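Please read the points below alongside the sequence and the model, as a colleague's note for someone meeting this structure for the first time.

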Amino acid sequence: MSMHAQKIADGDVAIDLHPFIRKYNDGRVERILRSSFVPASEDPAASRGGVATRDVIIDERNGVFARLFLPSAAPAAGSRRRLPVILYIHGGSFCTESAFCRTYHRYAASLASRAGALVVSVEYRLAPEHPVPAAHDDAWAALRWVASLSDPWLANYADPSRTFIAGDSAGGHIAYRTAVRAASREGGDIGIEGLIIIHPYFWGARMLPSEAAWDGESVIKPHQVGELWPFVTSGKAGNDDPWIDPPVEEVASLTCRRALVAVAEKDFLRDRGRLLAARMRGCAWAGGGDGRNVTLVESEGEDHGFHLYSPLRATSRRLMESVVRFINERSAAAAVAATSPWPAGVLPELHECSPSRARKGKMSKAQPLLSVPSRPYQGVFLNGPDLQAPRGPSAMKINNALTVGLDKASKRGFGSFATWANPNNRRAIKRPLSASVSRNIVAKNFF
């Protein structure tokens, strides 16, 4: 048995949320799920989808950043034709991954290219070092920054009337809560066209009947779900927190005009997404939306986050097509095309809504089921080459490269990096970022 395994066996681990994160009794944190850092480039030729990318500072004091993705097919600056803008919030259990990592850089670039949209991918603070609601506050700061149109790409290309908030997993939760905040008095005149949440994290004080009877395999382990929220909130909230079990009254307060919820058949969190969609369909929204504007997409035979790690599979492509179609629909068209909502106050029998029942016609037809892939689902969280913690000489190379980069950033100031990432926007950086924040932007999500 290795020393690492021995420590786990000896009870040195305070909380084990494998394959995402472990916290040890001595305070150390081990982030297990991660992928390599990818630099931004304003050259569309450097991206497979022909997308220019640029990093920006949103809130220097709190260390909030974003990566912008502009498709090469964007209209000329100043043109009447504008692009929808998508505020994207990455997943990772509130405590891992990054807008700058390979997984989410690739996904956001593909989304920008396929949807013909300007994507703003948020780099937010992670728990447990920065407990929730730090991530939610950072997403809110990013939305306000987007609405200000203060960045030249936003000013020249974005259509603020077609603003979408999107996210997956924990990012789906943050996206929902950001939409709720936009609907409050604090939101002012920020308008949200649509909300897109993929495999979202929601929970509650009690399991749903289907969760209690769960006997399948999932990346998300049943016993871990109940531990996550107390962990990321630093013990300040439990599973009875309405933040993770939204009441109907809160759902009814939404002012976005449309919503898309995507779930996966083999995801343990599947029925929480279905439940939220049911609540959305069962009430009229403050913003004028209603159940006819709620799209629920289920990927049959798939598990949590499959589309991020197997983007070329048929089910991943179809999920992307559903998202792209949703973005490029207009509210009126969506209302006509959508099916009737469930009656107000009536929720589906979630514990009986299995794909087999759907094939027998016992599930709402508003839930398109995506085909089963030709090969079985692979546990990419556990064996994907990009997600393994580097060891040996390769780990030394990565660490040495990042150390050199950090040393240069500390000596030259983050302003030099910003000039490299965005040579046309030097005036936006008025002073170098502190060395601590420089380290944070590069290293916080990769170690």
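1. Arg 258 is buried, its relative accessible area being 1%, where buried means under 20% relative accessible area, exposed over 50% and partly exposed in between (1.4 Å probe, protein chains only). This is a predicted model, in which local features need pLDDT of at least 70 and side-chain atom pairs count only at pLDDT 80 or more, while totals for chains, interfaces and linings use all residues. Residues are numbered from 1 along each chain as its sequence is written, and side-chain values use heavy atoms, with hydrogens and water left out.

2. Arg 258 forms a salt bridge with Glu 193, with the closest N and O atoms 2.9 Å apart; a salt bridge here is a side-chain nitrogen of Lys or Arg within 4 Å of a carboxyl oxygen of Asp or Glu. Glu 193 lies in the loop between α5 and β9 and Arg 258 in strand β10, so the pair ties together parts that are 65 residues apart in sequence. Helices (H or I, at least four residues) and strands (E, at least two) are DSSP runs, numbered from the N terminus. Glu 193 is also buried, at 7% relative accessible area, and a network of salt bridges links Glu 193, Arg 257, Arg 258 and Glu 329.

3. Helix α9 (residues 270-281) is mostly covered, with 12 of its 12 residues buried. Within α9, Asp 271 and Arg 274 stand three residues apart, about one turn of the helix, and form a salt bridge whose closest N and O atoms are 2.9 Å apart. Asp 271 counts as buried at 2% relative accessibility, as does Arg 274 at 1%.

4. Which residues have the most contacts inside the largest nonpolar core? They are Leu 111, Leu 195 and Met 280, in a core of 107 residues, a nonpolar core being a set of buried Ala, Val, Leu, Ile, Met, Phe, Trp, Tyr and Cys residues joined through side-chain atoms within 4.5 Å. Leaving aside neighbours within four places in sequence, Leu 195 is in contact (heavy atoms within 4.5 Å) with residues including Arg 258, Leu 260 and Met 280.
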